[in-house]
Amino acid sequence: MRRRLAMVVLATAGALLLPSTAALAAPTGVNPSTVDLTLLPGQSTTIAKNVTTAPIPPNPDLVMLADTTGSMADAIGNVATNASDITNSVLASQPTAQFGVAEYKDESDGAGLFRVDQNITADPTAVQNGINQWAAGGGGDLPEGALNALFQLANGAVTFRPGDTRIVAWFGDAPSHDPSNGHDLAQTIAALVAANIRVIAVNVGDGSAGRPGLDAPADGDGGQQATQIAAATGGSVLNAADDTVAQQILAGIQAIKSTITPTVTTCDPHLTITNAPTSATVASGDTATFAETVTAAANTPPGDYHCAVDYLVDGMSDGFVENTTVHVRALAVNDVTVTEGTGGPATPATFTVSLLGGPSANPITVHYATADGTATAPADYAATSGDLTFAPGDTSETVTVPVVPDSVDELNETFSLNLSAPSAGVSIQDGQSVGTIIDDDRDGAFSCSATAADVIGITAAVANPNDLPCADDSKTVASVSLNAGLINVSAHALTAQTDLTPNDQTVAPAAGDHGSSSARIETTTISTLGLNIQLGAIQSQASASCVAGPSGLAPVFSGSSNIASLKINGLAVTVGSGPLTIPLIIGSLSLNKTIVANGVVTQEAVALDTPIAHIVLARSEADVHGTAVHPGGSPCTR
């Protein structure tokens, strides 16, 4: 009858364990486990982290240690009947859990003082078989051999795994001898602490003389053995009736405290992660709360950065890993150089604004505006301002500033495009660009002029009389008679021409560009008292041309002339194109004279100098001039 009643009680107790299994399966881990942030360089943010521990500590090695003396029959039966509930509940929370089985009696029981019935194993059937070896009997006097059993477990009686959570679930109804088999309470506690074993003490004593309880005094001590052991090892003491021992073992395992320590496992150098507190201790299954601060260094360049934090449970990884990604985004605008142009529509200066560090998942805006430098609006460019928007996935946008073309030679000029007021979470890395307007006008101009006849300042057939700038021109005079005192100059078929190439001087300088002039007289007679000079066809040419050299284009000057025939008082003189000076009674006659002075080439086919007159026939001139900005410039450069 007593046996049948015990079985009913045991079955009921086993059924009560089943709801606990569901409770043990509550979600665990760190929340949030992934963090995605956008920070500015030097910026920090704090995130609340909740770390929910497993109801059973990670990777447990659980040894069930039973007092198997004569008064423990019902308690042993309860555990034996519900052993599978214990192992299944633990495995549901921690699939890597393993188990061992041990028992103790008293020193008078000889070999039964302490015995390992099953070493640490992952096989629940072997665990059940080990528990089934428990048999209540013996015991001798009231104190038993618990301290010896605990000491042996801490010193290699079973094989605990490295990196495990070591738990001894000890249940009994009487205190231990102190010392027990030579091991006193202090030695036992020291051994358990050194082996990192947590002890759950389940007291099934009822305070009666035969079952005083685990904390009852023994051998003259003050008692409290179980309480001291549990306190020193991070375990607990629970009271149980014979039919609730299994439940209390499970409750004791769940009551074990775990220390959660956030540990940064990997982190890019520009990030730091700290947690407050640096660790937290909670009962298994409870939640530890941390304030995690993520900081991007002040010098962090644009990019994506990553850190991982493992929230270790009692120094071991239970997979509670949080991954943080920090996006650092910055805006930059490039410098632009544009050729000014000389006419027609405005020349666009197009600036590119770049989002550095990769695209953003959210729209980004930034304001832009131009500002004067040596270039001023509206004379040199059109003032421009507005807002740019970067759509998600976009990394570049453009701003176009119209540049005003002109034909005025001037220095290169600059203005700026400035960025301001970016969206939150985005910095400006390079917010001022320089727009350089390259002047493409020539640094000077050609000049040219041609005069067929010049008698003491009285001229005939003059092409491009203004000389500067050179221009295409042509003049023709059929005949002319000019006097300088007693000297008479009679000339027929006078022509003068000037030529500018290219006529459009706004185009870029090129080899062969030139300003040139030429003058020609078909026949000429110079006469005075006692002197008669007859000239056949005379002509002159002068040019300033752009010629390529080692340092680029440069002006080169040339002049030449030719006299077909010459007679002085009927006497023929051979001249040709070479220079020649003939002295006369009234002065001197210079032929084919080239003069280069101050950058001007002057070619005179015939020049008669007397004390009272200067007469020049077929004179050509060419020259280059700089500008106010480039006084030493020329039309061959810009």
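User: In E32, what is the bridge partner of glutamine 534?

Analyst: In this predicted model, glutamine 534 has lysine 567 of E32 as its bridge partner.

User: What makes E29 and E32 a strand pair?

Analyst: Pairing takes at least two bridges. Three bridges join E29 to strand E32, residues 566–568.

User: Which other strand pairs with E29, and in what sense?

Analyst: Strand E28, residues 514–528, pairs with E29 over five bridges, in the antiparallel sense. Isoleucine 526 has isoleucine 533 of E29 as its bridge partner. E28 and E29 form a hairpin, with two residues between them. In that turn, glycine 530 has a positive phi of about 80 degrees.

User: How do you know that the side chains alternate along strand E29?

Analyst: Follow residues 531–535. Leu531, Ile533 and Leu535 are buried and point to one face.

User: Why is isoleucine 487 called buried?

Analyst: Buried means under 20% relative accessible area. Isoleucine 487 has 4% relative accessibility, so it counts as buried. Strand E27, residues 487–501, holds isoleucine 487.

User: What is isoleucine 487 in contact with, leaving aside its neighbours within four places in sequence?

Analyst: Its contacts are Leu482, Ile526, Ser527, Thr528, Ile586, Thr610 and Ile615. One of them, Ile526, is the bridge partner of isoleucine 533 in E29. Isoleucine 487 and alanine 613 are 126 residues apart in sequence, and their C-alpha atoms are 8.6 Å apart in space.

User: Why is valine 313 called buried?

Analyst: The limit is under 20%. Valine 313 has a relative accessible area of 2%, so it is buried. Valine 313 sits in strand E14, residues 303–313. Leaving aside neighbours within four places in sequence, valine 313 is in contact with Pro58, Ser258, Thr259, Ile260, Asp318 and Phe320.

User: How many residues apart in sequence are valine 313 and cysteine 636, and what is their C-alpha to C-alpha spacing?

Analyst: They are 323 residues apart in sequence and 82 Å apart in space.

User: What makes threonine 121 count as buried?

Analyst: Its relative accessibility is 13%. The cut-off is under 20%, so threonine 121 counts as buried. Threonine 121 is found in strand E6, residues 114–121. Not counting residues up to four places away in sequence, threonine 121 touches Gln98, Phe99, Ala126 and Val127.

User: Why do the buried residues of H5 line one face of the helix?

Analyst: In H5, residues 185–194, the buried residues are Leu185, Thr188, Ile189, Ala191 and Leu192. Seen down the axis of H5, they fall within an arc of 165 degrees, so they line one face. On the other side, Ala186 and Ala194 are exposed. The cover over the buried residues includes helix H4, strand E8 and helix H6.

User: What are the buried residues of H7, and what puts them on the same side?

Analyst: In helix H7, residues 245–255, they are Val245, Ala246, Ile249, Leu250, Gly252 and Ile253. They cover an arc of only 160 degrees around the axis, which puts them on the same side of H7. An α-helix has 3.6 residues a turn, so residues three or four places apart point the same way.

User: How many bridges join E34 to E35, and how many join E35 to E36?

Analyst: Five bridges join E34 (residues 580–584) to E35 (residues 587–597). Nine join E35 to E36 (residues 600–609). At least two bridges are needed, so both count as strand pairs. E34 and E35 run antiparallel, and so do E35 and E36.

User: Which partners and turns go with these strands?

Analyst: Isoleucine 582 is partnered by leucine 589 in E35. Serine 590 is partnered by alanine 607 in E36. E34 and E35 form a hairpin with two residues between them. E35 and E36 form a hairpin with two residues between them, and asparagine 598 in that turn has a positive phi of about 55 degrees.

Methods. Residues numbered from 1 in each chain as written. Predicted model: local features only at pLDDT ≥ 70, side-chain atom pairs only at ≥ 80, totals over all residues. Heavy atoms only, no water. Helix = DSSP H or I, 4+ residues; strand = E, 2+ residues; numbered from the N terminus. Buried < 20%, exposed > 50% of the residue type's maximum accessible area, 1.4 Å probe, protein only. Arc of directions from axis to C-beta. Contact = heavy atoms within 4.5 Å.
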